[in-house]
Amino acid sequence: FLGQRDKSEARNLRRVVRRRIEAEPGTYTAAVLGRAPAGYCDWILKPDSWGGEIELTVLCHHFGAEIVTVDVQTLRPYFYGQGAGYRQRVFLIFDGAHYDPLAMSASLAGGAADDEASDVRVS
């Protein structure tokens with residue numbers, strides 16, 4: 001989540017998504033997921049599966065941080081967690097196939113961008 005390429009962190013993030021989907025069956029229905037929730041949960045746990053908007057929505061609320069993705073082909077920004085009052089923001093760039101971290105501010109109100117006290121950690 002912080003731009004690290006550690007595969008154990010990816011596994012943790014996949015588990016976060018699975019737990020949220022299982023905990024909120026009224027939100028994450030087959031219609032939303034495009035398949036049965038149990039099948040989606042099995043799929044997202046596979047290391048060769050790539051998430052997208054569903055995962056970004058789950059992760060922004062899990063970490064309490066707004067996630068902004070910018071599609072580099074259209075230059076259009078997409079916001080996840082906007083209006084939720086989160087004081088941290090993460091920026092990702094999306095090339096049409098993959099998301100990569102761009103930057104992360106210390107807070108929406110300002111502050112030192114390199115202040116580790118405000119980093120969002122995977123747990």
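A nonpolar core is a set of buried Ala, Val, Leu, Ile, Met, Phe, Trp, Tyr and Cys residues joined through side-chain atoms within 4.5 Å. The views below come from a predicted model.

**Figure 1. The largest nonpolar core of the predicted protein comprises 20 residues.** Within this core, the residues with the most contacts are Val17, Ile21, Tyr28, Leu33, Tyr40, Leu59 and Ile67. Two or more core residues are given by each of helix H1 (7-23), H3, H4, E1 and E3. Helix H4 supplies the largest share of the core, with 6 residues. Around isoleucine 21, the residues touched are Tyr28, Leu33, Pro37, Tyr40 and Cys41, when residues up to four places away in sequence are not counted.

**Figure 2. Overall arrangement of the predicted protein, with 4 helices and 4 strands.** Along the sequence, these elements follow the pattern α-α-α-α-β-β-β-β. Of the 123 residues, 32% are buried. Contacts between residues at least 6 apart in sequence include 39% that join residues at least 24 apart. The accessible surface of the protein is about 7300 Å², and carbon and sulfur atoms account for 52% of this area.

**Figure 3. Helix H4 (residues 53-63) and the glycine that follows.** The buried residues in helix H4 are Ile54, Glu55, Leu56, Val58, Leu59, Cys60 and Phe63. Glycine 64 comes after H4 and has a positive phi, near 65 degrees.

**Figure 4. Tyrosine 40 and tryptophan 43 form a tilted aromatic pair, one of 2 aromatic pairs in the structure.** The ring centres of tyrosine 40 and tryptophan 43 lie 5.1 Å apart, with 55 degrees between the planes. The two residues are 3 apart in helix H3 (residues 37-44), so about one helical turn separates tyrosine 40 from tryptophan 43. Tyrosine 40 is buried, with a relative accessible area of 5%, whereas tryptophan 43, at 22%, counts as partly exposed. Because the limit for a buried residue is under 20% relative accessible area, tryptophan 43 at 22% falls in the partly exposed class.

**Figure 5. Strand E1 (residues 65-71) pairs with strand E3 in the parallel sense.** The pairing of E1 and E3 extends over 7 bridges. Isoleucine 67 has valine 90 as its bridge partner in E3.

**Figure 6. The two faces of strand E3 (residues 88-94).** In a regular strand the side chains alternate between the two faces of the sheet. In E3, the covered face carries Gln88, Val90, Leu92 and Phe94. The uncovered face of E3 carries Arg89, Phe91 and Ile93.

**Figure 7. Asparagine 12 in helix H1, shown with leucine 45.** Asparagine 12 is partly exposed, with a relative accessible area of 23%. Asparagine 12 and leucine 45 are 33 residues apart along the chain, and their C-alpha atoms are separated by 9.4 Å.

**Figure 8. Confidence of the prediction, with residues 117-123 in view.** The average pLDDT of the protein is 84, and 77% of the residues score at least 70. Over residues 117-123, pLDDT stays under 50. For residues 117-123 the model has 21 contacts beyond four places in sequence. Where pLDDT is low, the predicted coordinates should not be read in detail.

Key: Residues are numbered from 1 along each chain as its sequence is written. This is a predicted model: local features need pLDDT of at least 70, side-chain atom pairs count only at pLDDT 80 or more; totals for chains, interfaces and linings use all residues. Side-chain values use heavy atoms; hydrogens and water are left out. Buried means under 20% relative accessible area, exposed over 50%, partly exposed in between (1.4 Å probe, protein chains only). Two strands pair if DSSP finds at least two bridges between them. Rings of Phe, Tyr and Trp (its six-membered ring) pair if their centres lie within 6.5 Å; planes under 30 degrees apart count as stacked, over 60 as edge-to-face and the rest as tilted. Contact means heavy atoms within 4.5 Å. Accessible areas come from the Shrake-Rupley method with a 1.4 Å probe; for residues, only the protein chains shown count as cover. pLDDT is the predictor's confidence in each residue, from 0 to 100.
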